[in-house]
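Subject: Structure handover

Hello,

Here is the structure we talked about. Please load it first, then read the notes below it.

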Amino acid sequence: MEIVSVIFCMGAGLVLFLSGVSKFFSIQENVSELKLLNVLSTRLINVLSYFLPLLEIIIAICLIAYSKFIIVEIFAGILFLGFVFIHLDAVLGKKEEKCFCFGKFIKAKHGFGGLVQTFLLLISLIPSIVGSSANLYDIFTNSEHMNFALITFSSILWSIILIMSRRLMDEW
């Protein structure tokens, strides 16, 4: 179970890291998208446009390196639940607005694809929360390097699946 939790947390962390980094490269577009949500003041949007990508990167690094600490899963879960509400609002309101979730790197829309991806990200936290948890460092120091390579490869594959599921749902 430890290996599964590391693969899922590392995969979710990679997706979150990509999301945060890609938003940093296009802050102005991030501000524009947050304004379209029409739920926050302009002053708060300007702060969030810098804070949210940084928060995503910090949580991503923690999911990858320190996933055995429950506080990491709690913060990641809160962030993912926030994403659920944004995408659920788009689905219920039948809105298909452009989503800037991955900056300019990956084109996406708010709605069903984002909702599916976010639920998969939430599900990725479950093995680490309910089972015995390890992190990447534990695996690296306590097992063969081949296991480390397989876990890293599997985590990258899981993150690609998370991103591609979103893209497929957006196109469907």
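One definition before the findings. A nonpolar core here is a set of buried Ala, Val, Leu, Ile, Met, Phe, Trp, Tyr and Cys residues joined through side-chain atoms within 4.5 Å. Keep in mind that this is a predicted model.

**The core**

The largest nonpolar core has 26 residues. Leu 16, Leu 63 and Phe 80 have the most contacts inside it. Two or more residues each come from α1, α3, α4 (70–92), β1, β2 (106–109), α5 (112–130) and α7 (145–171). Helix α4 gives the largest share, 6 residues.

Take Leu 63 as a way in. Beyond four places in sequence, Leu 63 touches Cys 9, Met 10, Ala 12, Gly 13, Leu 16, Val 72, Ala 76 and Leu 125.

**Overall layout**

The protein has 7 helices and 2 strands. From the N terminus, the order is α-α-α-α-β-β-α-α-α. Of its 172 residues, 45% count as buried. Among contacts with a separation of 6 or more, 79% link residues 24 or more positions apart. The accessible surface comes to about 9,400 Å². Carbon and sulfur atoms account for 72% of that surface.

**Helix α2**

Which residues of α2 are buried? In this helix, residues 27–36, they are Ile 27, Asn 30, Val 31, Glu 33 and Leu 34. They span an arc of only 165° around the axis, so they sit on the same side of α2. Their cover includes α1 (2–24), α3 (42–65) and β1 (98–102).

The other side of α2 has Gln 28 and Leu 36, both exposed. Leu 36 has a relative accessible area of 55%; the cut-off for exposed is over 50%, so Leu 36 counts as exposed.

**The hairpin**

Strands β1 and β2 run antiparallel, joined by 3 bridges. Cys 99 stands opposite Ala 108 in β2. Between the strands of this hairpin there are 3 residues. Gly 103 takes a positive phi there, near 60°.

**Ser 155**

Ser 155 lies in helix α7. Is Ser 155 buried or exposed? Its relative accessible area is 0%; buried means under 20%, so Ser 155 is buried.

What does the side chain of Ser 155 reach? It reaches the backbone oxygen of Ile 7, at 3.4 Å. Neighbours within four places in sequence aside, Ser 155 is in contact with Val 6, Ile 7, Met 10, Gly 11 and Leu 14.

**Where to start in the viewer**

Begin with Leu 16, Leu 63 and Phe 80, the residues with the most contacts inside the largest core. Then go to α2, with Val 31 among its buried residues and Gln 28 exposed on the other side. Finish at Ser 155 and the backbone oxygen of Ile 7.

Best wishes

Conventions: Residues are numbered from 1 along each chain as its sequence is written. This is a predicted model: local features need pLDDT of at least 70, side-chain atom pairs count only at pLDDT 80 or more; totals for chains, interfaces and linings use all residues. Side-chain values use heavy atoms; hydrogens and water are left out. Buried means under 20% relative accessible area, exposed over 50%, partly exposed in between (1.4 Å probe, protein chains only). Helices (H or I, at least four residues) and strands (E, at least two) are DSSP runs, numbered from the N terminus. The arc is that of the directions from the helix axis to the C-beta atoms. Contact means heavy atoms within 4.5 Å. A polar contact is a pair of N or O atoms within 3.5 Å; within protein, one must be able to donate a hydrogen and the other to accept it, and residues adjacent in sequence count only if both atoms are side-chain atoms. Accessible areas come from the Shrake-Rupley method with a 1.4 Å probe; for residues, only the protein chains shown count as cover. Two strands pair if DSSP finds at least two bridges between them.
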